[in-house]
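User: Hi! I'm new to this one, could you walk me through it?
Analyst: Happy to, here it is.
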Amino acid sequence: MGSNAKTAGTLDHADLSDIFNRDEPRVNWHDETLWFVRTKRDRAAHSLPEWELLRETASGIKHNVLSNLHNYLQQFEEKAIANGVQVHWAADAKEHNEIVLSILKKHKITQMVKSKSMLTEECHLNEYLQQNGVGVIDSDLGERIVQLAEEPPSHIVLPCIHKKKEEIGDLFHVHLGTEAGESNPQVLTEAARQHLRDTFLTRKVSLTGVNFAVAETGEFVVCTNEGNADMGSHLADVHIACMGIEKIIPERKHLSFFLRLLARSATGQPITTYSSHFKKPRPGQEMHIVLVDNGRTTQLGREDFRNSLKCIRCGACMNTCPVYRRSGGHSYHNAIAGPIGSILAPNLDMKKYADLPFASTLCGSCSNVCPVKIDIHDQLYKWRQVLVKEGHVSPVKAVGMKAMAFTFSMPRFFAFAGKAGRSLMRLFPFAVNNKLNPWFKEREMPAPPQESFREWYSKNRK
Amino acid sequence: MKVGLFIPCYVDQFYPKAGIATLELLEKLGVQVEFPPKQTCCGQPMANSGFSHLTHDIDELFVKSFEKYDYVVVPSGSCALHLKEHLHSTKNPAAAERLRARTYELVEFLTDVLKVSSLRARFPHKVGVHQSCHGLRGLKLSQMSELVAPKFSKPEQLLSYVEGIELVELTRKDECCGFGGTFCVAEEAVSAKMGKDRVSDHVQNGAEYITGADLSCLMHMEGILNRQKSKVKVLHIAEILNSFEG
């Protein structure tokens, strides 16, 4: 049972994790799968003696970007327009979706292919387009799998990491006609490939995300392992690229830091298979860039949380997070899960995401793997303070905390309460020995000693 | 050198032996050490829950209790880290600032201030070291597995002076145990699962004891070990450093 603010009918992170944990072997499998990715990241990082310098430099470049974002955005727009690209500005998710739809309508398009873009997940573009009569096919294999399952991605880099290959086989059997019981990844991938090939050949509009946008040149870079962004965009008459405004980097040479960090942090690869640069439309093609704010300037104005905008969406913080690995991406009920999602989401809606900054032990591993050195766990702590002050915490918890603070500020009462048959123990969340106490569900309580340290001390040292 | 001993509230109430071992160990090393009787808590349980604004009186009480000492020594990494990062006083800001810099977790006080290079201790058992996160990543008591940097471990350095001890290798050497303060009840399912996994790493690698510099983590793991009716025990590192088993 979660203890933080909860609206009726919605389950918070603790509730959803509780459900996830009912199948312990599956939790073990999920944990080990992601831990394996973390170990691959470690091997890749440890193979570069300059790793920490790369992180420091990339963080510094992003710092500069965030301090001069307005200039870099204008420079980028100017260059992109000069390159023949149509540039759009969207204040929020709604505007972003409307812009995309208007481009599709102009071309009388009802079918679109899309390569992976967490921004469009954040904006719920697929649902919006569907409601407006446009079918979207996700061309990233993992995204396609969760799309067929009618689920959101559970991870920003590995969208279907929560699915076992047998479950993917069942989905493909229903949707793509593979044999029942087929779970050989090679066979399944080939089936997806054939199915997507047809999609690539018939879609007139392709939408991609953006990993990096270079202010100096007006170009943008899309990183994929499957080449699906290229395949879609090269064959389409219209290429729409959607990006959050924080994706800007000043110069092309800065890619040498980010491209080395991104894939190593994400999957342990030295670099993604494809790092595709898009600069201008080919003759006869239309190219659009949609620059989206959707709360980013608000976050930029929150000094304590500004650095969260440095994120390059590698997912390393998720892979290392001991809570994420044991609760699954969907428990975060947000497009971006894990530690980074937990510091980004409250910026968009404090009430809805008040539980997320508490879904952490503040162990700090996330901050250590972050390739751009975002102080993630410190921001989780700071969000907790903000959320309590803004009233997004249960009144029961607030009363308990006040009682605790009162007792601890009154030394004589503390000592007395401690002496009185250890009644002080009731202050501690783990000390009530009954079935209603969540501590007791899987843990014994500590055995109460004969005397407290202070009692012993007063007898033996004074 | 006069040391004020801060015994965290839950150690005072549940694990007095760890407090006694800390005191005796410091005394053996020739330190003049006192336990100011009016101390209560560092304020961390409230602050980590988002209620740092309720800790003013606790902070003032702490500053008043400890301002006369050269150092504050705490046998708990997370309490020490909280004090170092968040202790404030409106009545006596200079004292709070001085105390923030002069507060040490026990292990780092032994290695960095006293520069201990040997101990008269004997503990002939297989021991797993739990690297508590706040001690590890906050106080940097050991090198963190995520970073590309030279390896070291202050707790293991001290344990290496103990005769007969055998440290076991863990599969995941610095994963969190899942205690996390109020996280342990607010997120019961994940917290308990993390604890079970951590405990099983130690058990599978042959540990008879799990030790560390933070009893809150050890208490959580002890709760799981006891529920599993395991023979494996937890001990605060001070209890091992202060023991001389024949």
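Predicted model: local features only at pLDDT ≥ 70, side-chain atom pairs only at ≥ 80, totals over all residues.

User: Thanks! How many helices and strands are there in chain B?
Analyst: Chain B has 13 helices and eight strands. Helices (H or I, at least four residues) and strands (E, at least two) are DSSP runs, numbered from the N terminus.

User: And what does chain B span along its principal axes?
Analyst: Its C-alpha trace spans about 50 × 40 × 40 Å. A compact globule with 246 residues would have a radius of gyration near 18 Å, and chain B has 17 Å, which agrees. That radius is taken over C-alpha atoms, and the globule rule is 2.2 Å times the number of residues to the power 0.38.

User: What share of chain B is buried?
Analyst: Buried residues make up 62% of its 246 residues. Buried means 20 or more other C-beta atoms within 10 Å of a residue's own; exposed means 12 or fewer, and partly exposed is in between, with C-beta atoms placed from the backbone.

User: Which domains does chain B have?
Analyst: The assignment gives domain 1 (2-113) and domain 2 (126-241); such bounds come from an automatic or database domain assignment. Taken over C-alpha atoms, the centres of these two domains of chain B are separated by 22 Å.

User: How many residues are in contact between them?
Analyst: 24 residues of domain 1 of chain B are in contact with 22 residues of domain 2 of chain B. Contact here means C-beta atoms, placed from the backbone, within 7 Å. On the domain 1 side, 14 residues are nonpolar, seven polar and three charged. In that count Ala, Val, Leu, Ile, Met, Phe, Trp, Tyr, Cys and Pro are nonpolar, Asp, Glu, Lys and Arg are charged, and the others, Gly among them, are polar.

User: Switching topic: how many residues does the contact take from chain A and chain B?
Analyst: 63 residues come from chain A and 61 residues from chain B. Helix H18 (residues 376-389) of chain A gives the largest share of the chain A side, six residues.

User: What about the largest nonpolar core?
Analyst: The largest one has 196 residues, and those with the most contacts inside it include Phe220(A), Cys317(A) and Val73(B). A nonpolar core is a set of buried Ala, Val, Leu, Ile, Met, Phe, Trp, Tyr and Cys residues joined through C-beta atoms within 7 Å. Helix H12 (residues 215-227) of chain B supplies its largest share, seven residues.

User: What is Val73(B) in contact with?
Analyst: Leaving aside neighbours within four places in sequence, the partners of Val73(B) include Val3(B), Leu26(B) and Phe109(B).

User: Last one: is Leu141(A) buried or partly exposed?
Analyst: Leu141(A) is partly exposed, because 19 other C-beta atoms lie within 10 Å. Leu141(A) lies in helix H8 (residues 141-148) of chain A. Not counting residues up to four places away in sequence, Leu141(A) touches Thr189(A), Ala192(A) and Glu226(A).

Notes. Residues numbered from 1 in each chain as written. Chains lettered and ligands numbered in written order. Contact = placed C-beta atoms within 7 Å.
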